[in-house]
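Reader: I'd like to understand the terms behind a structural description, not just the labels. Could you take me through them?

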Amino acid sequence: MIEQPYVYRHTELAEPDWQRLPGWADVSPRDWASAQWQRAHCVKNIRQLRQVVGDGLDERFYADLERDQAERATMSMLVPPQMVNTMVPHLSPAHPGFTDAFYADPVRRYMIPVFTDRREDWPSHPLASRDSLHEAEMWAVEGLTHRYPTKVLAELLPTCPQYCGHCTRMDLVGNPTPVVDKHKFALAREDRLTAMLGYLRNNPGVRDVVVSGGDVANMPWPRLESFVAGLLEIENIRDIRLASKALMGLPQYWLTDEVRAGMERLAKVARERDVSIAIHTHVNAAQSVTPLVAAAAKAMLDTGIRDVRNQGVLLRGTNDKTEQLLDLCFALLDDAKIMPYYFYMCDMIPGSEHWRLSLAEAQKLQHDIMGYLPGFATPRFICDVPYVGKRWVHQVARYDRQLGISYWTKNYRTAVESGDELALQREYEYYDPIHLLPEAGQEYWRSRVATPVAVG
Ligand code: SF4
């Protein structure tokens with residue numbers, strides 16, 4: 001047998017035993033399978049985390065978490081039991097190594113960030129910003145980002161059943177934190193959704209709508225169904241993608257009778273009209289793919305929708321190793337029938353430097369996963385370049401590794417560049433984490449911060 005850098009093994013999915021956690025020792029399988037029970041028992045604060053893990057976590061962890069929430073966190077805490085249960089899945093909190101294992105856990109690293117996770121030297125890149133992709137600037141009507149020629153992003157609502165520490169929409173999504181106030185929609189939801197459908201009716205060049213938020217799993221189903229039904233009535237709309245991390249974080253929701261029956265109705269109409277509906281989810285670690293997640297994905301495919309795809313985010317400490325990424329892709333593909341589609345580089349929001357990878361690291365990971373997965377299921381690694389959009393990481397035009405600046409070009413105008421004649425000739429910059437740069441590069445950024453003059 002030829003020795004290979006990665007060895008494929010099929011691993012049966014298993015639901016970790018939630019009864020190992022003292023707070024849920026008496027929870028029945030029936031309650032666990034209930035979306036309502038899951039929502040009612042989300043972990044929203046330190047007190048609730050203590051109730052779940054009992055004495056399993058050292059005080060140093062709670063102090064670390066408290067400090068992060070007070071000084072750094074851009075997202076408030078909200079973790080469904082389903083996700084808590086996938087952290088340190090094989091260890092009981094009574095085990096003496098539980099705290100260290102919890103610190104090191106890939107899911108914990110992005111769902112329950114602590115102060116010592118973050119960089120002390122550069123917690124944020126100096127050019128990091130809220131709404132780093134300028135989505136709100138490109139709203140055609142409130143909440144509808146028109147960045148690409150033929151596709152739009154509809155942010156239906158600003159909440160999710162779970163909040164991820166690295167959320168790129170930290171500007172809008174979730175509750176305020178001590179360090180971040182959230183942007184509030186000015187229009188009432190009904191007015192926003194009506195305006196979105198109106199815009200799409202009047203813009204026949206748009207054929208593809210990403211229906212997102214937040215997470216569509218937080219929209220009451222009848223309202224989501226009527227919005228999607230409204231899209232299906234617009235002749236030019238050919239692709240509809242529903243964005244829901246909850247397919248993984250709260251699969252119980254996607255398994256409810258109401259949602260399955262409603263999705264069947266939508267899928268039937270979509271088929272009759274030759275429109276594709278897909279669900280896009282967001283799974284970052286193989287351990288998150290459990291039998292319930294697989295059941296939810298397959299239940300959705302059984303309704304007749306076109307596909308369920310995964311858009312993960314590359315995060316240091318969670319999935320920055322080739323083996324972690326391939327294990328995740330195979331877990332998605334083999335047993336959950338979820339198509340690995342994208343891995344995004346983590347966007348340049350405040351407090352994200354410890355998570356972010358350099359472009360060179362992302363390019364290497366893309367290189368190293370090639371050839372193991374079927375071509376149709378080999379995910380693309382993506383840099384979402386401000387004012388440009390998604391670019392495969394190898395599409396960079398120029399790359400200054402010393403300063404950590406990559407330069408990108410584009411071939412269409414975004415909504416804010418209609419009168420900009422140079423938009424297609426310009427190069428657009430993206431930045432590596434400073435702590436990864438050689439000393440000369442780090443010095444450049446120290447002096448640039450000390451003398452805030454536009455350079456480069
Ligand atoms: S589910 Fe998506 S939108 Fe919601 S917090 Fe996570 S990354 Fe942000």
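Author: Gladly! Two strands pair if DSSP finds at least two bridges between them, and helices (H or I, at least four residues) and strands (E, at least two) are DSSP runs, numbered from the N terminus. This is a predicted model, in which local features need pLDDT of at least 70 and side-chain atom pairs count only at pLDDT 80 or more, while totals for chains, interfaces and linings use all residues. Residues are numbered from 1 along each chain as its sequence is written, and side-chain values use heavy atoms, with hydrogens and water left out.

Reader: What makes S5 and strand S6 a pair?

Author: DSSP must find at least two bridges, and 5 bridges join S5 to S6 (residues 276-281), so the two strands pair. They run parallel. Ile240 has Ile277 in S6 as its bridge partner, and Ala243 stands opposite His280 in S6.

Reader: How do you know that strand S4 pairs with S5?

Author: The test is the one above: S4 (residues 208-212) is joined to S5 by 4 bridges, and these strands run parallel. Val209 has Ile240 of S5 as its bridge partner.

Reader: Why is the unit of S4, helix H9 and S5 called right-handed?

Author: A crossover is right-handed if, with the strands pointing away from the viewer, the path from the first strand over the helix to the second runs clockwise. S4, H9 (residues 221-232) and S5 make a β-α-β unit of that hand.

Reader: What makes strand S5 largely enclosed?

Author: Buried means under 20% relative accessible area, exposed over 50%, and partly exposed in between (1.4 Å probe, protein chains only). Of the 5 residues of S5 (residues 239-243), 4 are buried, so the rest of the structure largely encloses this strand. In the chain, buried residues make up 59% of the 456 residues.

Reader: Which strands are the edge strands of the open sheet?

Author: The sheet has 10 strands in the order S1-S2-S3-S4-S5-S6-S7-S8-S9-S10, with mixed pairing. Strand S1 (139-141) and strand S10 (389-392) are the edges, as each pairs on one side only.

Reader: Why is the chain called as compact as a globular protein of its length?

Author: The chain has 16 helices and 13 strands. Its radius of gyration (taken over C-alpha atoms) is set against the globule rule, 2.2 Å times the number of residues to the power 0.38. The value is 22 Å, close to the 23 Å that the rule gives for 456 residues, so the chain is as compact as a globular protein of that length.
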